[in-house]
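Open the model in your viewer and keep the selection tool at hand. The tour goes stop by stop.

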Amino acid sequence: MTTSSSERGVSLGMPELPAPAYPDDVRARLEADAREVIARYPDSRSALLPLLHLVQSEEGHVTRTGMQFCADVLGLTTAEVTAVATFYTMYRRKPSGDYQVGVCTNTLCAVMGGDAIFEELQEHLGIGNGETTDDGKVTLEHIECNAACDFAPVVMVNWEFFDNQTPASAKRLVDDLRAGRDVEPTRGARLCTFKDTARILAGFPDERPGAVEESGGAGPASLVGLRLARGEAAPARVVHPRDGGPYEDEPQDREVHEPSPTEHLSSHDAPQDTSASDPAHPAGPAAEEGE
């Protein structure tokens, strides 16, 4: 006796229908933008990354319609476009919030408090990794290193930096975002929505008055290595053991550089007051906001 596939609980499924087309007015506008992007490259397929940002700016994530559009204008297959869109994490594959809140949980940020921040935000917002709040405002995710270890732990909102965060400051941040209050990154221009950010990443100018000037440069902690490379560091100094006595065999007439009150070449050589570790978050000490 044989049984059918339906009797065995096996569903063969139906072939996926072609992606729906953009409305004519939307497609005409996107085609004009796409021509501008493609013209920047000697080989049109090199424009795929910015074009994925472009279609992401239309719907807030990269849809099948968006990938079909990119394939059409670049003469690629949808398989080629899909391979790229699914490789890079900056391209969202499902609807997401106006603000992408990413908590760095890579090594340094994690031990400095990033893990604790991420766990508290999940509980505070009632969502898990990659999920969006019911109001559509915030999508939370843990992210890999964003090259801001000197300001750890770091939170990013739509790829703008919020440095030296704590669980408390991160919760205030997401509460302000959901309430529509003005939020200023530690560095960089003021926030815009994720769709607006995607259009800027596609290579179109940020047309908000003063936004480019607000971007600024690197923070002080990031420039220490540059100053060292330029020979601008303070003179080398000899630091005595903590008991105040000289090192063994150290010439007693050796000139010792006396540091100024603000000069600390190493936190091990010159301990400074820091925020205490929070016993509730054993991931490690977290700097106070603004420190």
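**Stop 1: a helix pair**

Select helix H2 (residues 48-59) and helix H4 (residues 78-85): they pack at an angle of about 80°, with their axes 11 Å apart. That makes H2 roughly perpendicular to H4, because angles of 65 to 115 degrees count as such. Axes here are lines fitted to C-alpha atoms, for helices over the stretch in contact, and angles run from 0 to 180 degrees between N-to-C directions. Helices (H or I, at least four residues) and strands (E, at least two) are DSSP runs, numbered from the N terminus.

This is a predicted model: local features need pLDDT of at least 70, side-chain atom pairs count only at pLDDT 80 or more, and totals for chains, interfaces and linings use all residues. Residues are numbered from 1 along each chain as its sequence is written, and side-chain values use heavy atoms, with hydrogens and water left out.

Now show the side chains between the two helices. Leu-48, Leu-49 and Leu-52 from H2 meet Glu-80, Val-81, Val-84 and Ala-85 from H4. Contact means heavy atoms within 4.5 Å.

**Stop 2: the sheet**

Turn to the strands. Four of them form an open sheet in the order E2-E1-E3-E4, with mixed pairing. E2 and E4 are the edge strands, each pairing on one side only. From one strand to the next, the twist averages 25°. Two strands pair if DSSP finds at least two bridges between them.

Select E1, residues 99-104. How many of the six residues of this strand are buried? Six of the six are, so E1 is largely enclosed by the rest of the structure. Buried means under 20% relative accessible area, exposed over 50%, and partly exposed in between (1.4 Å probe, protein chains only). Tyr-99, Val-101 and Val-103 point one way from E1. Gln-100, Gly-102 and Cys-104 point the other way.

E1 and E2 pair in the parallel sense over six bridges. Find Gln-100: its bridge partner in E2 is Thr-139. The chain gets from E1 to E2 through helix H5 (residues 107-125), and this β-α-β crossover is right-handed. Right-handed means that, with the strands pointing away from the viewer, the path from the first strand over the helix to the second runs clockwise. Next, find Val-103, which stands opposite His-142 in E2.

Which way does E1 pair with E3, parallel or antiparallel? The pairing is antiparallel, over three bridges. Here Val-101 stands opposite Val-157 in E3.

**Stop 3: loops beside the strands**

A cis peptide bond joins Ala-152 and Pro-153, with omega of about -5°.

Step on to Asn-158, in the loop between E3 and E4. Its phi is near 50°, a positive value in a residue other than glycine. Asn-158 is buried, with a relative accessible area of 2%.

Now move to the loop between E4 and H6, and select Asn-164. Asn-164 is not a glycine, yet it has a positive phi of about 50°. Its relative accessible area is 14%, so Asn-164 is buried.

**Stop 4: around Asp-163**

Stay in this loop, between strand E4 (160-162) and helix H6 (167-179), and pick Gln-165. Is Gln-165 buried or exposed? At 4% relative accessibility, Gln-165 counts as buried. Its side chain reaches the backbone oxygen of Asp-163 at 3.1 Å.

Jump to Arg-187, in the loop between H6 and helix H7 (194-201). The side chain of Arg-187 makes a polar contact with the side chain of Asp-163, at 2.8 Å. A polar contact is a pair of N or O atoms within 3.5 Å; within protein, one must be able to donate a hydrogen and the other to accept it, and residues adjacent in sequence count only if both atoms are side-chain atoms. Arg-187 is buried, with a relative accessible area of 17%. Leaving aside neighbours within four places in sequence, Arg-187 is in contact with residues including Ala-148, Phe-151 and Gly-219.

**Stop 5**

Finish at Pro-20, in the segment before helix H1 (24-38). Pro-20 is exposed, with a relative accessible area of 54%. Leaving aside neighbours within four places in sequence, Pro-20 is in contact with Arg-64 and Thr-65. Then select Gln-68: Pro-20 and Gln-68 are 48 residues apart in sequence and 9.0 Å apart in space, C-alpha to C-alpha.

Note on methods: Parallel < 35°, antiparallel > 145°, perpendicular 65-115°, else oblique.
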